[in-house]
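Hi,

Here's the model I promised to send over.

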Amino acid sequence: MYLPEIAQIPKVFSHQYIANTIEVSIVLDLKWVNTSEDFNEICRNESYILTKARLTFVKWFRKYWSGIRLPRKLVLVYMPLIVIPTLLGSLLLMNSYTASSKQASRDYAGDLVGLMVEQMDYRLSSIEDLGKQMITDAELLELVGRTDVSTYEQLDKTMAIKNWMNHYWLNNNMNEFIVAMVLDTGDDTYLYNENEVSQYRIRDPEYKRAVRNNRGGAVWFEPARFSNGFQQFEAFRVGRWVRDGKLNEVGFLTIVVDVEAVRSIFNQTKLDQNALLRLQTADGRILVDNGNGEEDAGSYQDLHLDYSDIREDWALSASLKMDDLYAQINRMIRLTILIILVVFVFGLVVTRYLAIDVVNPIRKLMNNMMSGIQSASPRKLAKFKGAIEIREMNDIFVSVMYEIEQLIQQTVSQEQKKRAAEIEALRKQLSPHFLYNTLNSIRWLAILQKQNNIKAIVDSLSSLLNYTLRDANELATLREDASKLDDYISIQKIRYRQFGYATDLEERALDASVPKFIIQPLVENALLHGLEPLDRMGQITVRASIRGSVLKLTVEDNGIGIAPDKLAEIRRQLSGAAPKGTTEHIGILNVHERIVAHYGYPYGMTIDSDPGRGTTIEATLKYEERTDNENHHHRG
């Protein structure tokens with residue numbers, strides 16, 4: 001037997017097991033550190049989970065970053081550090097400039113519109129005051145109320161009324177916009193200034209009803225088109241109900257106002273060319289505008305301002321065309337894009353020069369390293385231009401290769417001497433057969449002295465050692481493994497007398513190929529950790545069955561069981577969710593790792609336990625019958 005065969009002995013048959021078997025109390029250098037309580041406390045802490053997630057992300061990012069080549073890294077670093085801040089800064093500056101420009105335009109337009117509203121209110125109020133003065137003039141009302149006059153007196157009355165109208169017209173500062181003034185008493189109509197074919201429709205029932213309803217207040221009517229027989233014109237009508245001192249109806253006063261009274265205000269402002277100005281009703285009907293909306297009213301919707309409560313339900317609406325402002329903004333956008341492109345191109349040029357100065361030398365350094373790994377002579381390694389640091393690295397690498405070349409020569413010589421010394425040492429080492437022969441001598445001594453119990457335990461131990469050392473094959477039949485398990489049980493029953501042992505193995509399962517000592521560590525775990533602390537009779541049951549292409553091995557005990565927190569820790573270790581660490585159930589984990597290493601996933605082990613009632617461990621293996629060649633090799 002050679003020394004490499006000793007390494008094939010499972011840990012269960014290491015120093016501690018042999019010492020327990022022959023009941024020699026030896027303290028070994030195996031120190032178990034129980035950290036399950038600390039580990040469970042950490043796992044229950046929510047911060048641990050978050051920290052683990054962050055560490056996982058950091059590991060993934062480092063792995064991803066390490067797989068990217070340097071030219072791409074330079075671009076990835078350059079983009080967020082230079083281009084993105086430049087882009088964001090430009091966008092923020094552009095948005096700020098646009099918002100401030102719009103706000104400035106809005107404020108400027110608002111001030112102008114407010115001035116227009118004030119001027120419009122002043123003009124309309126002046127015209128209303130003219131009508132108020134006329135209908136409250138006692139002399140004029142007395143003159144109008146004169147009746148039973150002759151024809152001559154009627155002419156004189158008419159002339160006197162028109163003189164009164166002329167007097168008021170001359171004294172009003174808005175007379176340039178007053179087209180006509182009409183005083184209608186029902187029987188007579190007194191008209192001053194411009195005549196009109198329909199007499200400005202002052203006798204329309206709707207007109208009179210609206211004026212009467214306002215009880216003498218000024219009523220503004222929407223602009224209408226009128227004609228004097230030669231040309232048409234557009235004008236407002238301001239109507240008032242005229243009554244005498246006894247509140248008897250005298251008639252109706254109508255002042256006809258040219259729409260230029262409003263439109264001229266529009267034309268006096270700087271907004272006239274770049275804005276659509278409208279005097280309109282609450283429901284959107286246009287009364288007067290500045291004429292800019294006839295061709296393209298939709299283009300004046302960028303900035304909209306409304307001022308209500310001018311007269312009746314009229315409002316002044318201003319819609320500004322922001323073409324000039326947007327032209328400046330567009331110029332700024334183009335400038336921003338140009339700056340970004342220049343920065344981007346500059347960055348690419350810098351990246352290119354970095355590639356020439358850094359990346360290419362690094363590649364040449366890598367080629368030198370690959371040549372050095374392939375045992376090229378240091379004298380054949382190339383020198384190159386580039387960054388000083390990389391050239392220094394190359395010089396250091398060449399120097400190291402010279403030293404390695406010398407060390408290799410020294411190592412070859414030393415290895416030859418070491419090999420010779422090892423061969424000599426192997427000759428003097430203890431052969432494993434010596435242990436087997438010694439146990440055989442103990443057996444014969446026990447027979448001579450009629451110590452049957454010692455003979456039985458030595459026979460069982462010899463059988464186990466022979467089973468372990470006789471060949472290098474890792475696999476055996478379940479029948480063979482179960483037989484050696486019986487030897488193990490017989491040894492343990494000498495030490496632990498208060499337990500029972502039973503098997504329930506299907507006949508077909510006995511010919512299945514399994515790794516050596518696949519059941520024994522599970523039985524030992526049940527014996528040491530489940531049954532030993534009991535104060536009653538313990539029982540261990542081993543079952544084997546075949547389910548399709550799967551071999552099921554089960555070890556049950558009626559021991560003290562496993563605490564829930566410790567059971568959860570073992571399950572996490574079996575699933576790989578927790579590190580193996582140190583645990584008193586190391587045998588279970590080793591068996592699980594052997595199964596996974598031999599068969600792969602999803603094969604392995606599961607464990608279930610009921611504290612105070614016992615534990616069940618189930619191993620799932622791939623069902624494979626042992627071939628004749630394997631049996632022959634095993635017997636040989």
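This is a predicted model: local features need pLDDT of at least 70, side-chain atom pairs count only at pLDDT 80 or more; totals for chains, interfaces and linings use all residues.

Residues are numbered from 1 along each chain as its sequence is written, and side-chain values use heavy atoms, with hydrogens and water left out.

Start with helix α5 (residues 138-145) and helix α6 (residues 151-171), whose axes are 10 Å apart and at an angle of about 155 degrees. (Helices are DSSP runs of H or I, at least four residues, numbered from the N terminus; axes are lines fitted to C-alpha atoms over the stretch in contact, and angles run from 0 to 180 degrees between N-to-C directions.) The two are therefore roughly antiparallel, a label for angles over 145 degrees. E139, L140, L143 and V144 in α5 meet K157, A160, I161 and W164 in α6, where contact means heavy atoms within 4.5 Å.

The other pair is helix α15 (residues 520-531) with helix α17 (residues 586-599), packed at about 160 degrees with axes 9 Å apart. That makes this pair roughly antiparallel too. P521, L522 and N525 of α15 touch G587, I588 and V591 of α17.

Finally, UniProt (an unreviewed entry) puts "transmembrane region" at residues 75-94 and 335-355; such annotations may be inferred rather than shown by experiment. In the model, residues 335-355 are 100% helix and 0% strand, and the end C-alpha atoms lie 30 Å apart.

Cheers

Notes:
Angles under 35 degrees count as roughly parallel, over 145 as roughly antiparallel, 65 to 115 as roughly perpendicular and the rest as oblique.
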